[in-house]
Amino acid sequence: MPEKKILYKGLIETWRKYLPVSKKTPVITLFEGNTPLIRALKLEKIISKDIELYLKFEGMNPTGSFKDRGMTLAVSKAKEEGANAVICASTGNTSASAAAYAARAGMQCIVILPAGKIALGKLTQALMHGATVLAIDGNFDEALNIVKEIASKYPVTLVNSINPYRIEGQKTGAFEICGQFTPDYHAIPVGNAGNITAYWKGYKEFKSAGRIKNLPVMLGFQAEGAAPIVRGYPVEKPETLATAIRIGNPASWKQAEAARDESKGLIDMVSDEEIVNAYKLAAALEGVYCEPGSAASLAGVIKLAKQKYFSKRAGSKKAKVVCILTGHGLKDPDRAIKVSPPLVTVIPVLKEIMKHLKFTGAQK
Ligand SMILES: Cc1ncc(COP(=O)(O)O)c(C=O)c1O
């Protein structure tokens with residue numbers, strides 16, 4: 001007898017009991033979620049002897065980022081409520097995800113982007129999925145204000161993370177992690193702060209439901225040039241090469257602070273140099289290619305380990321640290337090319353080629 005196949009049905013079906021859906025909700029899914037949680041032994045070796053490090057690779061979602069978790073629910077609910085169009089402001093990934101789910105739902109997707117600040121891969125996604133894309137000569141925060149105004153005046157559903165269904169969908173990431181273990185520390189990049197809000201909600205709900213005993217300490221990381229929560233005031237002109245988290249006035253600022261304070265965690269900042277270092281390390285040592293914004297979580301863990309943050313709190317067992325790697329590296333190929341050695345072209349002659357291979361084995 002062949003083994004019975006258990007097919008994964010996407011996160012709404014998997015977590016239906018914990019989500020605001022009913023039998024009437026049309027489920028718009030691309031079978032998002034169920035992403036790998038990868039132990040990173042080589043990174044552990046260079047970061048700290050006091051931690052077990054796991055990478056939750058959200059780049060494995062259908063459009064290559066965690067946004068799909070929120071978007072399956074936001075678009076399903078918009079459809080249920082009779083909307084014909086959705087709208088978002090985006091640093092790239094929200095638009096890629098909204099455009100894909102809107103296409104699947106047969107709805108128009110309108111996207112407002114900050115001009116010149118979107119990673120190429122993300123822009124191609126929105127365009128290919130048929131979104132109506134407009135760039136503004138302004139930043140993300142200004143784009144968000146505009147889409148909020150449009151959604152308040154016209155019959156179009158806003159699908160940024162201020163839409164509560166986005167947070168509901170994204171909290172399922174916490175459920176998946178707890179299916180394996182409860183982390184001691186949860187490290188996550190912070191931009192508009194929807195995702196840290198969602199994970200914290202997910203962990204708390206699982207604890208209330210009696211599915212986990214403890215809650216993790218939440219560790220959020222912003223980019224130094226876009227760190228309003230760390231600095232305590234909005235940043236008018238946020239700057240970082242990690243375009244996904246280039247946000248100066250996060251919509252879920254208060255909720256992020258609540259997650260930090262309730263969990264006795266912290267929200268810190270990392271430099272672009274630290275982000276690029278983590279981005280390269282994850283790819284080169286662990287085979288996990290995430291986008292620069294995602295690597296802020298890993299960069300933050302490296303920074304804290306250097307300050308002996310984990311050692312000072314070490315118990316008898318190693319602490320389990322989960323880093324959320326929010327998006328795929330293929331989204332931003334320009335950055336990868338910029339941080340890599342230039343491609344060398346040689347004549348197709350073995351001797352010439354061998355000179356360049358850094359090959360250490362002796363000839364057979
Ligand atoms: C890859 C990536 N990481 C992190 C973030 C930040 O998430 P949030 O805005 O929910 O804090 C974003 C948001 O666009 C993103 O695209």
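Which exposed residues does the face of H12 turned away from its buried side carry? The views below come from a predicted model, in which local features need pLDDT of at least 70 and side-chain atom pairs count only at pLDDT 80 or more, while totals for chains, interfaces and linings use all residues. Residues are numbered from 1 along each chain as its sequence is written.

**View 1. Helix H12 and its two faces.** Glu274, Ile275, Ala278, Tyr279, Leu281, Ala282 and Glu286 are its buried residues (buried means 20 or more other C-beta atoms within 10 Å of a residue's own, exposed 12 or fewer, partly exposed in between, with C-beta atoms placed from the backbone). Seen down the axis of H12, these buried residues fall within an arc of 165°, so they line one face of the helix; the arc is that of the directions from the helix axis to the C-beta atoms. The face turned away carries the exposed Glu273 and Ala284. Gly287, with a positive phi near 75°, follows H12.

**View 2. Ala193 in a loop.** Between strand E7 (185–189) and helix H9 (194–208) lies the loop holding Ala193, a residue other than glycine whose phi is positive, near 75°. Ala193 counts as buried because it has 27 C-beta neighbours inside 10 Å.

**View 3. Lys264 in a loop.** The loop between helix H11 (253–262) and strand E9 (266–270) contains Lys264, another residue that is not glycine, with a positive phi near 55°. Lys264 is exposed, since 9 other C-beta atoms lie within 10 Å.

How values were computed: Helices (H or I, at least four residues) and strands (E, at least two) are DSSP runs, numbered from the N terminus.
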